[in-house]
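Dear colleague,

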Amino acid sequence: MLKKFVSSIMAVLLLVGCGSSSGSAKPSTAAEQLVKNLNLSSKMDAMDESQTQGLFFFADGAVKSSSLYLANDKSADIVGVFEAEDVSSVRESVETYLETTKLQNQTYNPEEVFKLDNAVIDDNGKTVVVVVCDDLESAKKEVKSVLGK
């Protein structure tokens with residue numbers, strides 16, 4: 001009887017351990033994975049939480065934690081992962097940021113506007129991810145993977 005009980009517990013623990021955890025990865029891990037998988041490592045710099053708040057103006061309490069990478073060259077490349085308390089508020093802030101960045105780039109870097117217009121923004125109800133880069137198809141696949149979709 002004890003053997004069956006222990007065996008059952010072990011089986012349940014093994015099955016739980018095999019589940020997909022990519023949808024619940026920490027923002028820093030998920031953003032780092034996106035930057036690496038999209039081959040953006042050489043031109044992206046990590047921002048700290050206060051810089052992220054200063055760029056996106058999230059409502060108080062809307063974001064639990066976040067990780068943001070911005071291009072260190074003239075491109076508009078962005079990788080952001082935001083663990084959200086209020087997903088709709090975070091998405092709205094991200095869209096406002098992208099619109100503002102697009103307006104700035106229309107004058108100074110018009111070749112970047114297409115990427116901003118076609119930014120990948122997705123969520124899984126808990127985490128919001130935004131990616132702006134040249135390879136939109138790969139970005140879509142990587143975002144879905146990070147969100148566990």
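Two strands are said to pair if DSSP finds at least two bridges between them, while helices (H or I, at least four residues) and strands (E, at least two) are DSSP runs, numbered from the N terminus. This is a predicted model, in which local features need pLDDT of at least 70 and side-chain atom pairs count only at pLDDT 80 or more, whereas totals for chains, interfaces and linings use all residues. Residues are numbered from 1 along each chain as its sequence is written, and side-chain values use heavy atoms, with hydrogens and water left out.

Strand β3 has two partners described here. With β2 it pairs in the antiparallel sense over seven bridges, L70 having I78 of β3 as its bridge partner, and a hairpin of six residues connects β2 to β3. With strand β5 (residues 127-132), β3 also runs antiparallel, joined by six bridges, and V79 stands opposite V131 of β5. Six of the seven residues of β3 (residues 78-84) are buried (under 20% relative accessible area, against over 50% for exposed and partly exposed in between, with a 1.4 Å probe and protein chains only), so this strand is largely enclosed by the rest of the structure.

Two loop residues also deserve a look. F57, in the loop between α3 (49-56) and β2 (63-71), has a positive phi of about 50 degrees although it is not a glycine, and it is exposed, with a relative accessible area of 63%. N39, in the loop between α2 (27-37) and β1 (44-47), has a phi near 55 degrees, likewise positive in a residue other than glycine, and is exposed at 67% relative accessible area.

With best regards
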